[in-house]
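Keep the viewer open and try each task before reading on.

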Amino acid sequence: MFKRPSSPTMAQPVAVDLRSAAIGGRTSVPYGWIDFCHRRPKECKVPALKAASVKLTQQNMRTLKRINQKANRAIEPVSNYDHWGTMMDHWDYPVDGKGDCKIYALYKRKLLMEAGFPRQALLMTVVRDLNNEGHTILTVKTDKGDLVLDNLVDEVRPWNATGYYFLKRQSQQNPNIWVSINQRGGTARRL
């Protein structure tokens, strides 16, 4: 999905129980990630690391919000087909300032790693959005639960306040291994 709504359609802010999505076993790796790794091998030829989470301090939350909004404003939303001329998934950084959800999520991941966040806590995640369309977001593993950075919403939200159906995401230990989720992310709402 590549469109960003001009005004949020979510309910008023509510308290949300931050927790993590339950993961299953290994699953298929998205073609777009494999293609990204072939074009940018330095990004993917990385050692397996012990799982890590971000301590959810006020400072870290401010950084997550700042980077989510920065990327959402820096990239012009363009469909994969209109941008690259192909229906195949194309994952990359916003080299020309345009892209779809995968470009936003990869850029946020890159900016957060540059800000010192551990790679193992920044997980590319494939979901079905509120229109039941394929969509990619960035999941951030924190000591308080999973948060989502999304190009469709400027707020950083708990995974279980998105309304999305979570399909799979990267393993915390190895970004080239993907694990299944197959879990609904609650009702879309704000913190």
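**Exercise 1. How many helices and how many strands does the chain have?**

*Solution.* A note on the source first: this is a predicted model, in which local features need pLDDT of at least 70 and side-chain atom pairs count only at pLDDT 80 or more, while totals for chains, interfaces and linings use all residues. Residues are numbered from 1 along each chain as its sequence is written, and side-chain values use heavy atoms, with hydrogens and water left out.

Step 1. Count the elements, where helices (H or I, at least four residues) and strands (E, at least two) are DSSP runs numbered from the N terminus. The chain has 5 helices and 9 strands.

**Exercise 2. Work out the order of the strands in the open sheet and find its edges.**

*Solution.* Step 1. Strands pair if DSSP finds at least two bridges between them. On that basis, 7 strands form an open sheet, ordered S1-S9-S8-S4-S5-S6-S7, with antiparallel pairing.

Step 2. Strand S1 (26-27) and strand S7 (153-158) each have a single partner strand, so one side of each is left without a neighbour in the sheet.

Step 3. Follow the pairs. S1 meets strand S9 (residues 178-186) over 2 bridges, and Thr27 has Trp178 as its bridge partner in S9. S5 and S6 share 5 bridges, with Val140 opposite Leu147 in S6, and a hairpin joins these two strands through 2 residues. Between S6 and S7 there are 3 bridges, and a hairpin of 2 residues links them as well.

**Exercise 3. Which residues have the most contacts inside the largest nonpolar core?**

*Solution.* Step 1. Such a core is a set of buried Ala, Val, Leu, Ile, Met, Phe, Trp, Tyr and Cys residues joined through side-chain atoms within 4.5 Å. Buried means under 20% relative accessible area, exposed over 50%, and partly exposed in between (1.4 Å probe, protein chains only).

Step 1. The largest core has 30 residues, and Trp33, Leu64, Leu112, Met124, Leu138 and Val140 have the most contacts inside it. H5 gives the largest share, 7 residues.

Step 2. Zoom in on Leu112: beyond its neighbours within four places in sequence, its contacts include Leu64, Leu138 and Val140.

Step 3. A second, separate core of 10 residues includes Val148, Leu152, Val153 and Trp159.

**Exercise 4. Is Lys141 buried or exposed, and what does its side chain contact?**

*Solution.* Step 1. Locate Lys141 in strand S5 (residues 134-142).

Step 1. Lys141 is buried, at a relative accessible area of 7%.

Step 2. The Lys141 side chain makes a polar contact with the side chain of Asp146 (2.9 Å). A polar contact is a pair of N or O atoms within 3.5 Å; within protein, one must be able to donate a hydrogen and the other to accept it, and residues adjacent in sequence count only if both atoms are side-chain atoms.

Conventions:
Contact = heavy atoms within 4.5 Å.
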